[in-house]
Amino acid sequence: MRFLLRRALFYLVTAWAAITINFMLPRMLPGDPVQAMIARFQGRLSTDAIASLYVLFGLDTESSMLSQYLTYWGNLFKGDLGLSFTYFPTPVSEVIAQSIPWTLALMGVTTVISFVLGTMIGVYAGWKRGSWIDALLPITTFFSAIPYFWLGLIAISVFAVSWGAFPAAGGYEPGLIPGFDWEFISSALYYSVLPALTVLISSIAGWILGMRNMMVTVSSEDYVTVAHAKGLPEKRVMLGYAARNAVLPSISGFALSLGFIVGGTLLVEMVFSYPGIGYVLFTGVNAKDYPLMQGIFLIITMAVLVANLLADVVYLMLDPRTRKAA
Amino acid sequence: MKSALNGKTIAGLSIMGFFVLIAIIGSWIAPYDPSAMSSDIMTPPSGAHWFGTTQTGQDIFSQVLVGARGVLVVGLVAGAIATVLSVLIGVTAGFLGGVADEFLSALSNIFLVVPALPLIIIVTSFLPDAGDFLIAFVISATGWAWGARILRAQTLSLRQRDYVEAARATGERTWRLIVFEVLPNLTAIIASSFVGTVIFAVLSVITLSFIGVASVSNWNWGTILFWAQNAQALAQGAWWWFIPAGLCIALLGTALALINFGIDEYVNPRLRTSAGGSKVKMRVGFTPVLRQEGGRS
Amino acid sequence: MTGEVVLAARGVTKHFPVARKGRQVLTRQPRAVHAVDDVSFDLRRGHVTALVGESGSGKSTVARLLAQLYPLTSGDIVLNDVPTKVKRGKSFRAYCKQVQMIFQDPFASLNPVHTIRYHLTRALRVHHGRVKGEELEKGLASLLERVNLTPPERFLDKYPHELSGGQRQRVAIARALGADPTVLLADEPVSMLDVSIRLGVLNLLRDLKERLHLAILYITHDIASARYFADTTMVMYAGQVIEGGDSETVTQEPAHPYTQLLIRSAPDPERAHNGVPTVTTAPGEPPSLISPPPGCRFAPRCPYAAEKCRTATPPRFDLGESHYAACWLYDSKTTDEHPRRDTVEVGA
């Protein structure tokens, strides 16, 4: 428990830091663009909305920094992230609430599949070091070096434009009404195939390489040698002794690379016009919709922190040393 | 450092060297002005336009050549700044220990966990006119944490080595212990964290250009993709518009990754795919009997 | 007794704080490992003093304390009759010009990225200013010649990994000599070396002691080598010195039950031939140094332990000819006359 508590405390501090960075950014950097935006919407904005934008971006020069900071926190706890300019006059929190299930579903499923599959391939590749599998390494290296979004572009041009087997953009058949019926879900699944494959292919290489290297390192540890010497079956040694130990750094690496994966997924969504949070961010960036961008950054950060905490729990269950220390 | 120069490193360094050369001379050898429009609209690759042309008749080959500079400048500058930061923070934390260490590690862990790309996007979009160096600076400000973390761990273990203690007992000053006893043993790790940050920076700057946050008037490979995407190049089947730039990104990334594998294998010889040219099967060397047969030369 | 006292430990004590976890931060008293408790001895010029003990007894900590690499918890380190406490900077340099240390593991104590030339040049420059050119070359050569690494030019530009263990330890000794010290603290200088070359390194140290009139603290777990090499021997157990005296007496007529145990547990071919079991063990293991037992720390394992041993820490009892032991068996108030060793002889 102590381990988890300490981690939780760390995530709280990180959350505080992220929120504070978010608070400070518009105040440290020139605020003119926001001012211009607000001016453009003058008359259509309610005074309340303007007040909350003033708090968000520190345009209120009369109140002190501290009182601004406190009001900012107050607004956050009320779920008030300001109004979106792009989806005017929808509040940012609502825009995010609509798009985040798409991202969570797409990214959650692909990340888990990519991690599990990549780790398994990595275990095998590391165990069979020196065999033909090593030939896969340069290919995976190449794929891990490709930006996610470019792979997405290629996928669209091959599978959607040339072949026409999959849709090029969107999250479901236009005209369908989102709901929990089979027609909608099957359409959503069909539309998610290409983006999911793109994320899968670009992210799996990293897991394969990391796991392979850990396996190679662990394979020459004494306890693996002893397991061999005991005459245990090959498979047992590979999975129960080598992989069991090699997977630990992979899991803590999982937590740390989540930030990178999230970045990549956002881009894939942009390319596929997938109705997730990445696409919303893209539109927000193009429209200089600052409240939306900042709100998305906060939500993404919080989601990554929660995912990290989950990874910590898994790590705790797998590593007896931290379990004991807990 | 002889064994660091294995096949992978050499391949990686050669590709990297090629791109550096392009970055230097690209704007001179480019056959056209990358921004100049012409009447050859959306032509596929030909003798006159090796990589074809854009919707406005710009020569894509010239854009790729000229664009190399922006990518590499941002990548290398950001890599350099971030490496300096990570060495300063990581080595200091590891060597000093105590409260300073607690604070600096917490700081780098925070920067590690916070998703970097959205942060970079936001910061850059707040900046009114984001040029290459400003972008490099923003990227390095978010990209130093990984290296700092690894360097701290390694310094922590080096600090307790006998040779550092022995040098101290000889009467060496603290800064000499750090600079001459600890740092040389970190060279490989510093190099690898530099290369890693360059990869991160290259991908970041291309992404920023692609989504149009960075100034799109500066040519780099991301800008090419930005215009291609804007002009619906995909739907029009203009594959030549986005394939070359993407391949260049992937090649550069692969080259950097290969350099890093070379460094990793130098640091941890167990990772080598084949030892001494002969294939080593995992079980060879586990029993003394097999070791003689296996010929682990 | 030869030579004057250069370095002396006076009640030297070192406690390492133990990290408190979680709620203990609020509730518990700070705890500490009592690594070294109230250790006193003298180092004299031209004289080898051995400090014998098993791993964890605190003997290496004593060496690092004397080298001023760790701060003392209490007690004094007296250099040339002046209590000296230095941390860093000039005073630390001045101190280590006098007192140099040789580490246990010659594979770890030389930085793999530097040549032998670098190591020795630094040792010369740190203590003798910016020597260079001809003067430096002469200094380097004479250092290597002193430790019998000849010809010097064959070793100067080698990296540590190109040398054998014995050669590395000789380089480490040369580096220590670079400061022109009066005291050498040798922390198990031969225990990591092959048995066949240990004698060579010990003989080199003895030879240096004679020629340079050095005071040497020889730390070891091998009591037999202490008899061979040292003039005086002290035995440490659980952070305390429990017996001391000239090497011959301590090893041939051990007084403290622990020393007797230590000597008997060393393999001795003669005893083996006589059919006497070579190893007798006292049950148990050294006590936890976080909360050491009251009284004698060996009491829980000692076959002769009496009530008093478990409650009161035994002081040093003089056994004549500078031989002493910290054991209640030698308290003249409990034993009526001069202590007789046969009363403590372990029979069965």
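Guide: What follows goes through that interface and then turns to other parts of the structure. The model is a predicted one.

Start with the extent of the contact. On one side 16 residues of chain B take part, and they touch 24 residues of chain C. The size of an interface is often given as the accessible area lost when the parts come together. For chain B and chain C that area is about 1800 Å², with 49% of it on carbon and sulfur atoms. Within chain B, the residues that lose the most area to chain C are D162(B), A169(B) and T170(B), which together account for 30% of what that side buries.

Next, the polar side of the matter. Three salt bridges are counted between chain B and chain C. In a salt bridge between R122(C) and E172(B), the closest N and O atoms are 2.8 Å apart. Eleven residue pairs are in polar contact across the interface of chain B and chain C, counting pairs with both residues at pLDDT 80 or more. As for the elements, α7 and α8 of chain B each give at least two residues to the side that touches chain C. The largest share of that side, seven residues, belongs to α7(B). Sorted by class, the side of chain B that touches chain C holds five nonpolar, four polar and seven charged residues.

The second largest pocket also draws on both of these chains. Its volume is about 870 Å³. Of the 30 residues that line the pocket, E165(B), R168(B), L69(C), P71(C) and R88(C) lie nearest its centre. Two or more lining residues come from each of α2 (60–96), α7 (162–170) and α8 (174–182) of chain B, and likewise from β1 (5–18) and α3 (89–98) of chain C. Here too α7(B) gives the largest share of the lining, four residues. The lining of this second largest pocket comprises twelve nonpolar, five polar and 13 charged residues.

Between them chain A and chain B bury about 5300 Å², and 76% of that is on carbon and sulfur atoms.

The structure as a whole has seven cavities of 30 Å³ or more, and the largest cavity has a volume of about 80 Å³. Residues of chain C line this largest cavity, among them H256(C), C296(C), F298(C), Y304(C) and W328(C). Its lining has eleven nonpolar residues, one polar residue and no charged residues.

Two backbone details remain. Most residues other than glycine have a negative phi, and most peptide bonds are trans. D38(C), not a glycine, has a positive phi of about 50 degrees, and D38(C) sits in strand β2 (residues 31–44) of chain C. The peptide bond joining T150(C) and P151(C) is cis, with omega about -10 degrees. P151(C) lies in the loop between α5 (133–146) and α6 (153–156) of chain C.

Terms used: Residues are numbered from 1 along each chain as its sequence is written. Chains are lettered from A and ligands numbered from 1 in the order in which they are written. This is a predicted model: local features need pLDDT of at least 70, side-chain atom pairs count only at pLDDT 80 or more; totals for chains, interfaces and linings use all residues. Side-chain values use heavy atoms; hydrogens and water are left out. On a 1 Å grid over the protein atoms alone, a cavity is a set of points where a 1.4 Å probe fits but cannot get out, and a pocket is an open set with protein on both sides within 12 Å along at least five of seven lines; lining residues have an atom within 4 Å of a point. Grid points are joined across faces, edges and corners, and a volume is the space filled by probe spheres set on the points. Ala, Val, Leu, Ile, Met, Phe, Trp, Tyr, Cys and Pro count as nonpolar, Asp, Glu, Lys and Arg as charged, and the others, Gly among them, as polar. Buried area is the accessible area (1.4 Å probe) that two parts lose on being put together, summed over both. Contact means heavy atoms within 4.5 Å. A salt bridge is a side-chain nitrogen of Lys or Arg within 4 Å of a carboxyl oxygen of Asp or Glu. A polar contact is a pair of N or O atoms within 3.5 Å; within protein, one must be able to donate a hydrogen and the other to accept it, and residues adjacent in sequence count only if both atoms are side-chain atoms.
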